[in-house]
Amino acid sequence: MTSELSTENQTIFIIDDDENIKDFLVTFFEMSGFQTKGFSSAQDYIDQLDDTPGCLVSDVLMPNMDGVELLNHLNQVEHLRPTIFITGNATIPMSIKSMKLGASDFIEKPFKPELLLEKVNNAMADFQKNLDVIGRYKELTNKEQQAFFYMIKGHTNKMLAEELDISASTVEKHRASVMKKMQADSVVALSKMATLLRPLGQDFDFTD
């Protein structure tokens, strides 16, 4: 189901070194009611970063800087924007890696523009939820962030105390603080929030 989102004040940023594809997508999104900006390379996009709300649509395989490298850079400078990658069969592994870094979705070539539009609308509608969770996570202290990690891995209080080198009573305080600050009513809810922290480069591993 497509999320309804007003196109007002939303800009679609398109990166593709193929001028024909870039120009086609710019025209398509303009006809769909969006403002658009087209770039021929990841570096061109980086050079013109601003706080304009919207969505990034980018090819994955590009010269000089590919999609994974681009997203890595954007995470480092904390420039968060919903991102959808366009990929061919050969670059699906790169797309999956990009999603672990925070990309919202990816679409395989050849694709229907209407499907890409649906993915863009959904990504922008969901992005505010991500920002809310990210904001709460960044309010945690360093110890609380460590506790968050071990809590979603199912560690007991005793294990947490050993991992963080703190007392059992301090563990209880950290657990309570994490739950309160993250506005979570259970560790399951906390685990779901962890998946939204990928734009920070956080890819929590739930396996031992």
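Lys119 is buried, with a relative accessible area of 17%, where buried denotes under 20% relative accessible area, exposed over 50% and partly exposed the range in between (1.4 Å probe, protein chains only). The structure is a predicted model, in which local features need pLDDT of at least 70 and side-chain atom pairs count only at pLDDT 80 or more, while totals for chains, interfaces and linings use all residues. Residues are numbered from 1 along each chain as its sequence is written, and side-chain values use heavy atoms, with hydrogens and water left out.

Lys119 forms a salt bridge (a side-chain nitrogen of Lys or Arg within 4 Å of a carboxyl oxygen of Asp or Glu) with Asp105, the closest N and O atoms being 2.9 Å apart. Because Lys119 lies in helix H5 and Asp105 in strand E5, this pair ties together parts that are 14 residues apart in sequence; helices (H or I, at least four residues) and strands (E, at least two) are DSSP runs, numbered from the N terminus. Asp105, at 22% relative accessibility, counts as partly exposed.

In a further salt bridge, Lys109 pairs with Asp59, and their closest N and O atoms are 3.7 Å apart. Lys109 lies in the loop between strand E5 (105–108) and H5, whereas Asp59 lies in strand E3, so the two residues tie together parts that are 50 residues apart in sequence. Asp59 is buried, with a relative accessible area of 5%, while Lys109 counts as partly exposed at 35% relative accessibility.

A search of the whole structure finds six salt bridges. One of them joins Asp50 to Lys37, with the closest N and O atoms 3.3 Å apart. Asp50 is located in the loop between helix H2 (42–47) and strand E3 (54–59), and Lys37 in strand E2 (residues 35–39), 13 residues apart. Lys37, Asp50 and Arg81 are linked in a network of salt bridges.
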